[in-house]
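I opened this notebook to keep track of what I looked up, one entry at a time. Here is the structure I had on screen.

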Amino acid sequence: MARPKAAVVYFSRPGENLYGGTCQFLNQGNTLLVARQIAVALQRPLVALQPVRAYETAYKTVLQRTQQELQQQQLPALKPLPQSLGQVTQLYLGFPVWWGHLPRPVVTFLKQQYALQVTLTPFCTHEGSHFGSTISELKQLVPAAELQPGLAIRGTNAWCAQRAIQHWLKK
């Protein structure tokens with residue numbers, strides 16, 4: 001049997017982030033750390049979702065922008081993907097949980113891929129909200145996808161999540 005074509009697609013933001021209850025500067029976003037570990041374990045490509053207008057570095061400014069995007073249901077434009085996902089049958093989708101929801105760039109991506117008929121395996125980073133309402137949002141945005149159990153990693157544990165990732169991938 002042929003191995004499914006899989007890719008790890010993620011959205012992550014470096015800069016000031018809430019980390020262990022305080023605001024700290026991170027060179028790499030927490031979701032990127034987890035996505036990279038998954039891509040290495042699966043030996044699959046890592047594809048970044050990048051908004052045309054990058055998110056600011058300052059945490060408070062990002063909070064204001066993301067709250068406005070959510071309230072106004074904005075869909076930030078994305079840069080073209082570096083590779084086609086046309087042959088992908090298994091998509092590992094990573095994102096931080098913002099305001100208990102999917103980040104709007106992830107929503108943009110999913111709306112662009114509305115007919116996505118894949119096995120969708122979500123993973124997220126959070127600071128206490130776990131998946132929030134993201135699973136129900138995924139079900140609404142990509143109803144044709146076969147949704148698999150996800151992995152939620154507290155952002156402060158992203159750098160040391162190897163064991164949790166390996167256990168999750170074995171399932």
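**Entry 1: Trp99.** I began with Trp99, which is partly exposed at a relative accessible area of 41%. My scale for this calls a residue buried under 20% relative accessible area, exposed over 50% and partly exposed in between, with a 1.4 Å probe and protein chains only. Trp99 sits in the loop between β5 and α3. Its phi is positive, near 55°, in a residue other than glycine.

**A note on the model.** This is a predicted model, so I noted its limits: local features need pLDDT of at least 70, side-chain atom pairs count only at pLDDT 80 or more, and totals for chains, interfaces and linings use all residues. Residues are numbered from 1 along each chain as its sequence is written, and side-chain values use heavy atoms, with hydrogens and water left out.

**Entry 2: Gln43.** I found Gln43 in the loop between α1 (30-42) and β4 (46-48). My helices (H or I, at least four residues) and strands (E, at least two) are DSSP runs, numbered from the N terminus. Is Gln43 buried or exposed? At 65% relative accessibility, Gln43 counts as exposed.

**Entry 3: the cavity.** Rolling a probe the size of a water molecule over the atoms shows where empty space is left. I work on a 1 Å grid over the protein atoms alone: a cavity is a set of points where a 1.4 Å probe fits but cannot get out, a pocket is an open set with protein on both sides within 12 Å along at least five of seven lines, and lining residues have an atom within 4 Å of a point. Grid points are joined across faces, edges and corners, and a volume is the space filled by probe spheres set on the points.

How many cavities of 30 Å³ or more does a search of the whole structure find? The search gives 1. The largest cavity holds about 40 Å³ of space. Its lining includes Trp99, Glu69 and Arg104. Helix α2 (residues 59-71) gives the most to this lining, with 3 residues. Sorted by class, the lining has 5 nonpolar, 2 polar and 2 charged residues. For these classes, Ala, Val, Leu, Ile, Met, Phe, Trp, Tyr, Cys and Pro count as nonpolar, Asp, Glu, Lys and Arg as charged, and the others, Gly among them, as polar.

**Entry 4: Glu69.** Glu69 lies in helix α2 and counts as buried at 3% relative accessibility. Leaving out residues up to four places away in sequence, Glu69 touches Tyr55, Gln74, Pro76 and Arg104; contact here means heavy atoms within 4.5 Å.

**Entry 5: the pockets.** The largest pocket has about 450 Å³ of space. Of the 22 residues that line the largest pocket, Asn17, Tyr59, Pro96, Val97 and Trp98 lie nearest its centre. α2 gives the most here too, with 4 residues. This lining has 8 nonpolar, 12 polar and 2 charged residues.

I then turned to the second largest pocket, with about 310 Å³ of space. It is lined by 20 residues, and Ser12, Arg13, Pro14, Gln50 and Pro51 lie nearest its centre.

**Entry 6: helix α4.** Which residues of helix α4 (residues 134-141) are buried? They are Thr134, Glu137, Leu138 and Leu141. These residues cover an arc of only 100° around the axis, which puts them on the same side of α4; the arc is that of the directions from the helix axis to the C-beta atoms. The buried residues pack against β5 (90-96), α3 (104-112), β6 (119-126) and β7 (146-147). On the face turned away, I found the exposed residues Lys139 and Gln140.

**Entry 7: the cysteines.** I searched the whole structure for disulfides, pairs of cysteine sulfur atoms within 2.5 Å, and the count is 0. The sulfur of Cys124 is 16 Å from the closest cysteine sulfur, in Cys160, which is too far for a bond. Cys124 is buried, at 0% relative accessible area, while Cys160 is partly exposed at 36%.
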